[in-house]
Amino acid sequence: MSAIPEFTHERVLTSQGARSGLIITVALHSSALGPALGGCRMWTYPTWVDGQADALRLSAAMTLKNAAAGLDAGGGKSVIALPIGEPLDSARRRAALLDLGDLIEMLDGRYRTAEDVGTTEDDMVVVRERTAHVVGLPAEKGGAGEPAGATALGVYSSIAPTLEAAFGSESIEGRSFVISGLGQVGGRLARMLACEGARLTVTDIDDRKQQLASELDARWISPDRALITEADVFVPAGLGGILTDEAIDALPVRAVVGPANNPLADHSGAARLQQRGIVYAPDFVVNAGGVIHLEGMANGMEWPAIAERLTGIGDTLRSVLASARERGTTTLEAAEALAYARIDAARAQQSVGV
């Protein structure tokens with residue numbers, strides 16, 4: 001029997017929705033820096049336990065993301081687990097979102113949700129019927145709107161320091177990229193890189209995205225070739241956990257940087273990449289643009305100020321890369337140290353206050 005992992009969350013709610021019958025988990029990992037912020041993922045899982053485990057992993061990552069981004073926000077995540085083979089019609093989808101709102105309301109404002117994989121800003125309007133603790137509503141309803149553009153800009157800002165670390169030059173022109181996932185963020189990033197003269201190889205589980213590949217004069221490959229296609233940079237832009245030990249050992253690139261959450265199947269993958277001479281830009285640093293946008297809009301910031309913070313993600317990554325070199329650690333360890341320093345300082349201040 002494997003060892004039970006340490007429980008590090010402040011509170012986890014898992015419930016079968018009264019309206020939808022679906023299993024929903026809301027995981028509050030930390031509120032040390034402020035009310036937690038993290039989106040709602042609606043996805044298909046083998047069992048509800050897998051959905052719950054995903055919520056636990058993703059919420060812990062959100063704590064690191066928000067802390068490293070300098071936000072006064074903790075980490076949380078919600079997951080609506082869809083059973084394999086069960087279709088979700090519009091009525092049941094709405095019911096699930098209302099069930100989610102009820103769970104979030106039980107946390108008394110310590111967790112705020114937003115859209116994530118499988119959900120949209122319009123879905124957040126439905127959740128808002130049951131709780132006020134929602135961000136990322138459509139702009140026409142007074143919300144921050146779609147955060148994918150901000151996420152893509154943050155990742156784009158991380159490309160230059162990653163290239164500098166891997167090749168000694170920040171120039172994108174002529175560099176080859178494999179982008180795995182052409183969703184809201186991956187598609188936007190692909191357009192940005194194409195405009196800078198990058199050579200793109202792209203893939204997605206949705207064959208309809210081949211149209212975008214044609215528009216960008218990018219080479220299309222099947223999803224199963226994403227991890228074995230030679231390039232300068234691999235960009236994970238879909239679901240996480242794809243960089244297993246086996247995948248890392250065969251990965252024919254010099255750098256990994258992308259918007260996917262938790263692309264490493266295991267924490268040790270960062271060291272494995274480093275041993276192979278592959279520069280790894282920690283995901284929770286480079287993909288923080290969405291939460292920076294959402295938090296900024298929620299606090300009344302104007303777009304120029306938010307955009308400045310988004311481009312500043314590149315500077316944060318430079319600091320992480322430099323710290324890893326100076327301390328002889330992995331880039332993941334350096335990024336975690338940056339995040340935990342803020343969290344520990346906040347907890348210490350709270351202890352003094354008590």
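## Asking how we know

Visitor: Why is Ser158 called buried?

Guide: This is a predicted model, and in it Ser158 has a relative accessibility of 0%. Buried means under 20%, so Ser158 counts as buried.

Visitor: What makes up the surroundings of Ser158?

Guide: Ser158 is found in helix H4, residues 148-167. Not counting residues up to four places away in sequence, Ser158 touches Val257, Val286, Ile313, Gly314 and Leu317. A polar atom of the Ser158 side chain also lies 3.0 Å from the backbone oxygen of Gly154. The cut-off for a polar contact is 3.5 Å, and 3.0 Å is within that cut-off.

Visitor: Thr63 lies in helix H1. Why is Thr63 called buried?

Guide: Its relative accessibility is 4%. The limit for buried is under 20%, so Thr63 counts as buried too. Leaving aside neighbours within four places in sequence, Thr63 is in contact with His29, Ser30, Gly75 and Ile343.

Visitor: How do you know that the span of H1 agrees with what a helix of 21 residues should have?

Guide: At 1.5 Å a residue, H1 should span 30 Å. The C-alpha atoms at its ends are 30 Å apart, so the two values agree. After H1 comes Gly70, with a positive phi near 80 degrees.

Visitor: What makes strands S4 and S5 a pair?

Guide: Pairing needs at least two bridges. S4 (residues 40-45) and S5 (residues 74-83) run parallel and are joined by 6 bridges, so they pair by that rule. Thr44 stands opposite Leu82 in S5, while the partner of Trp43 in S5 is Ala81. Together, S4, helix H1 (residues 48-68) and S5 make a right-handed β-α-β unit.

Visitor: Which other strands pair with S5, and in which sense, parallel or antiparallel?

Guide: Strand S2 (residues 23-30) pairs with S5 in the antiparallel sense over 7 bridges, and Ile23 stands opposite Ala81 there. Strand S3 (residues 36-37) runs parallel to S5, with 2 bridges. There, Ala36 stands opposite Gly74.

Visitor: What makes S5 mostly covered?

Guide: Of its 10 residues, 9 are buried.

Visitor: How do you know how many disulfides there are?

Guide: A disulfide is a covalent bond between the sulfur atoms of two cysteines. The cut-off is a pair of cysteine sulfur atoms within 2.5 Å, and by this rule the count is 0.

Visitor: Are Cys40 and Cys195 buried or exposed?

Guide: Cys40 has a relative accessible area of 0%, so Cys40 is buried. Cys195 is at 69%; exposed means over 50%, so Cys195 counts as exposed.

Terms used:
Residues numbered from 1 in each chain as written. Predicted model: local features only at pLDDT ≥ 70, side-chain atom pairs only at ≥ 80, totals over all residues. Heavy atoms only, no water. Helix = DSSP H or I, 4+ residues; strand = E, 2+ residues; numbered from the N terminus. Buried < 20%, exposed > 50% of the residue type's maximum accessible area, 1.4 Å probe, protein only. Polar contact = N/O pair within 3.5 Å; in protein donor to acceptor, adjacent residues only side chain to side chain. Contact = heavy atoms within 4.5 Å. Right-handed = clockwise from strand over helix to strand, strands pointing away. Expected span 1.5 Å × (residues − 1).
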